[in-house]
Number of protein chains: 4
Amino acid sequence: MITAAIVGASGYSGHELLRLLARRADVRIAGVFARASAGERVDALYPAVTGTVDLTYAPFDPEALRGVDVAFVALPSGEAMSAVAALQGVAGRIIDLSGDHRLQDLDVYARTYGHAHVAPALVEKAVYGLPELHRDRIAGATLVANPGCYPTSALLALIPALAEGLVEPTSIGIASFSGVSGAGRSAKVEMSFAELDGNIRAYKVGVHQHTPEIESVLSGVAGAPVTVSFVPHLVPLTRGIHTTVHARLARRVDRAEVESVYRRYYAGAPFVRLRSKPPELRGVVHTNYCDLAPFVDARSGQLVILSVIDNLLKGAAGQAVQNMNIMLGLPEETGLQ
Amino acid sequence: MITAAIVGASGYSGHELLRLLARRADVRIAGVFARASAGERVDALYPAVTGTVDLTYAPFDPEALRGVDVAFVALPSGEAMSAVAALQGVAGRIIDLSGDHRLQDLDVYARTYGHAHVAPALVEKAVYGLPELHRDRIAGATLVANPGCYPTSALLALIPALAEGLVEPTSIGIASFSGVSGAGRSAKVEMSFAELDGNIRAYKVGVHQHTPEIESVLSGVAGAPVTVSFVPHLVPLTRGIHTTVHARLARRVDRAEVESVYRRYYAGAPFVRLRSKPPELRGVVHTNYCDLAPFVDARSGQLVILSVIDNLLKGAAGQAVQNMNIMLGLPEETGLQ
Amino acid sequence: MITAAIVGASGYSGHELLRLLARRADVRIAGVFARASAGERVDALYPAVTGTVDLTYAPFDPEALRGVDVAFVALPSGEAMSAVAALQGVAGRIIDLSGDHRLQDLDVYARTYGHAHVAPALVEKAVYGLPELHRDRIAGATLVANPGCYPTSALLALIPALAEGLVEPTSIGIASFSGVSGAGRSAKVEMSFAELDGNIRAYKVGVHQHTPEIESVLSGVAGAPVTVSFVPHLVPLTRGIHTTVHARLARRVDRAEVESVYRRYYAGAPFVRLRSKPPELRGVVHTNYCDLAPFVDARSGQLVILSVIDNLLKGAAGQAVQNMNIMLGLPEETGLQ
Amino acid sequence: MITAAIVGASGYSGHELLRLLARRADVRIAGVFARASAGERVDALYPAVTGTVDLTYAPFDPEALRGVDVAFVALPSGEAMSAVAALQGVAGRIIDLSGDHRLQDLDVYARTYGHAHVAPALVEKAVYGLPELHRDRIAGATLVANPGCYPTSALLALIPALAEGLVEPTSIGIASFSGVSGAGRSAKVEMSFAELDGNIRAYKVGVHQHTPEIESVLSGVAGAPVTVSFVPHLVPLTRGIHTTVHARLARRVDRAEVESVYRRYYAGAPFVRLRSKPPELRGVVHTNYCDLAPFVDARSGQLVILSVIDNLLKGAAGQAVQNMNIMLGLPEETGLQ
């Protein structure tokens, strides 16, 4: 029996994790921790789980996690690093869903998140948890930095193209459209239904904190500096990210070659599905799949790649469980289908 | 008193035209024509206008339009050209909302729409009705080809940048997200609420019929061949298009310079509003405005331009009325505010 | 030229009022007042009006309204009564959109809103501003209590039936479904898009503050005590209220008789449209209409009445303008079509 | 291993059934049958199941089902009865999701559905498959008439109240609001996104085919004729039904008594959850639960009952699986949590 605990369990990602773990027969939930909701029952916040989840949020106390096999940290970036540090030597393995351990360059981290990292040694130790890229390293890791939602959709779209030199590494434009749950469970006028219904708006154009995450991973893959112009948008739906990538072709290729590159690259990846038609967001919502379709726009000399995920699953909690499975030597799909 | 008639009045664009014209004191509607709905009252199809529009659709008959000042043709591409031809010498001025007179190159037209043009002479005569580009030529025209919805949003975003040489003309990626009314009033499973709610999907990647329209206008503006990689998407909202453009900067510029170029370019354009923050789709829905914001993403060497319109107004009926105003020597904003 | 001012102009109802007044040639806006947004430009909060509304919110100061023809008070219930009191002798006429002057019984007011009224004399002076019921009294009023959104939809549905004794006065069930803008411009988790998308939930079952408003008006109409069981719900749309009424028939009637009663009752009401088919919410959104359809369900002995309005227009700002028109002797429809 | 087949598998209910059965280790799917989509792969229609469902629709042929343990018939009413008749002696047990075997009175059936029943003997044999009412009879049945979606939500709301005489049996008003998937997978203008977004509309007021189904079951429960005035509505969401019931209290009761009646009545029902607050639709979507809350509106002398279900699960496919479990002697919840 695997014992697991969730720190920051009351937000959307933390709750999705709880739902994924609660339905497994091989996992026992040792505790759910939350600050503002401490003392409240989970089904008071999320009536949907009435009768299936019988737990109460507790204030975070590392001692309460002593000996658990896996601790998930679903706190905001900036808060997570302290919790991760406090859990060293306490929890067997840690999966951090925040941005705190994704950037290996500490200067970039400080610039991106606006504060220095409190535990640089842990950054070095952390493995970036994109299973399709780092499956083997994840298997041996004790600390996994779970990728961001936007990066997951963009990286899976671009990794094969950059690994194979299909596109120019400094020609990449990424337009991502996210459902509103990506902004978390929040009390803000601009996240209210009346403001977002029938609306689309971009934000943090070119300066979103996920940009360096995307660039650092892609640069590693390409073996050369990659820059991307990343534009995130909000759209009136609850779950899911649709990412459209434009990149200049580095050489003349046809669709068959591109598809064969992608097919080979994702041959062993159970959660990546290649599509010949543009993938629909609804085809992946409530699943851990990433559906992908590369298109050669020969006339304009560009590669267009479309990629869709559920931001709370493959973009957060589902990928975290996938990482847990790999870390524990279980089949990667366990509890995710 | 201006007399106007609408051919193809029962679709969303045609009906929006009717609503715009019906509320004007200086316009008399001489007739509304529709095939499938001929014989039905307008308020039977559109209950919202009960009590304000007292008209019945009639089958199209050119003679019924004899002498009208302006005939609007809101038929599907391929059907419109015959109606426009039949109205020569019958209606004083014609505004065609279809794609039939937008492409000056007849080979490109035939390739794009899958059939030859029946009246090539009219193509030559037609003025492409983007007021912000062709105000003077529109004023003297008797046949205006009203721009497509996607092209309107993309062209207004790109014209200043290409006119001033700010971006490389073959580096352009366009991701446009359209509300569902853009697909017309149609009985199709894939346009049903249950299929589109919570969904996003791209379609006609790189091969949409609006691509040559965008390229031909931009090539004229740039004085050099422009190619774009255009990807349209459907999003779960009814009205509006949000367009995100990525283009490689041709030279080092800063935001102030770019903004000043755009500001100068649109100084006399009452329906283009430059924004310093990303424009919201809801800020333009139910209006004839195009809200625009260019951003310099210096780190990646790209210009990002965001552009939003109401697809049925600035993207169709509103722009048609704007063109009518210009053709008749009225203030451009008449009836549009 | 009519001079008008809006106190509480930054909320949805206040802003809708501003939009209605700003487009009129016969109205000059003397000021817009708001507390939290004082000092901000209107188009900073509502980018849609950029270029058409050039105003800045000011903190409320009665002196700034001295001599205006009409003051609209769009403050929350409980705050409005002080502002109305402060405007006595300052503004020519006052239209209060809050609940503060709708209940003539001060005990009921205190029980309903949880506090005593600070200016009982004004309650006595106020006319309940439902034009279809009180057109003549409104014409002579200096203080109008603009009806609530739910009451407007329910009262217009029920008044003819109760006035003519068609239904039993203590058998009435009302299920109303409101768009989210009815809850105001608010920063609350439960009003966020991610909580309301795909969701419906009732609230304040049987205890909503609009219940006594509905009952007191209907009791007056029926000449006997009327009780209703009123259940409001939130639905995932932004604007509009759909109300479904069930009431036991007091005697055998057929549809023709019921329709003739309703038709006669609303003969002079330009904003009530009787429908033979169930009215659609979209037929009235962005208009000041109330669309109504009564159905005799003879088998079960009940009258079903369906009623739809735009909660921000006929349910708030539009009706307020309608009242202003009547108070000033203008045609009732001025600026509302 | 249970063998199961689905006739009419390409619609929303049939496909939901397929998804529920495909993920079970104890069920083998012997075939999926569909007319219009025969020859197509399931994942061509429903890309979401790519990689998890490897089946192709076949034209219906009773012989292909010979020996299956359970045949599900998810055909339209009127078509289903012939398929059910053809499967007699072929499939071990049949669960009919249509309306063809729900009405025991053949005259009422003929009047309601507009045609006579082709196999009256089967109607007599069929058990109405509401587990909370007929668990024991379902266990012994070979033909189950799976309840309609609206009836499920209305019956679970009303059965305890009528069984215990809490409300007057001819005073009942039911307002139900359904997501659009309830209308099936259909190509109709009025079901298109652009027509339903932001819209609500009632239909078939007082004459919906589910009215006699509700009345006949409730009359049996009450032991006296029950009439209801049932008004269904469409709302802009995909899945779920929210039902609001008004009924006159037959005697003075308080909330505690009502809750205790409901609690006792549903003590052994794993899929009914009683709520003290108004239930949210989202709390049951994608589950087989019905969440219920009765409220005593003492002032108006009415009982208000709120009830929410997922129309495709508890309202169709989920309940069908629940019935299969009971028929086969399995725990009722198997595969539904």
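User: What covers the buried residues of α6(B)?
Analyst: In this predicted model, the cover, counted as heavy atoms within 4.5 Å, includes β5 (127-128), β6 (143-145), α7 (149-163), α10 (255-265), β11 (272-274) and α11 (317-327) of chain B. Helices (H or I, at least four residues) and strands (E, at least two) are DSSP runs, numbered from the N terminus.

User: Which residues of helix α6 of chain B are buried?
Analyst: They are B:P131, B:E132, B:H134 and B:I138, in a helix spanning residues 131-139; buried means under 20% relative accessible area (1.4 Å probe, protein chains only). They lie on the same side of α6(B), because their arc around the axis is only 135 degrees, taken from the directions from the helix axis to the C-beta atoms.

User: On to the interface: how many residues do chain A and chain B each put into the contact?
Analyst: The contact takes 47 residues from chain A and 47 residues from chain B.

User: Which salt bridge does B:R299 form?
Analyst: B:R299 pairs with A:E215, with the closest N and O atoms 2.6 Å apart. The rule finds four salt bridges across the interface of chain A and chain B, each a side-chain nitrogen of Lys or Arg within 4 Å of a carboxyl oxygen of Asp or Glu.

Definitions and conventions:
Residues are numbered from 1 along each chain as its sequence is written. Chains are lettered from A and ligands numbered from 1 in the order in which they are written. This is a predicted model: local features need pLDDT of at least 70, side-chain atom pairs count only at pLDDT 80 or more; totals for chains, interfaces and linings use all residues. Side-chain values use heavy atoms; hydrogens and water are left out. Buried means under 20% relative accessible area, exposed over 50%, partly exposed in between (1.4 Å probe, protein chains only).
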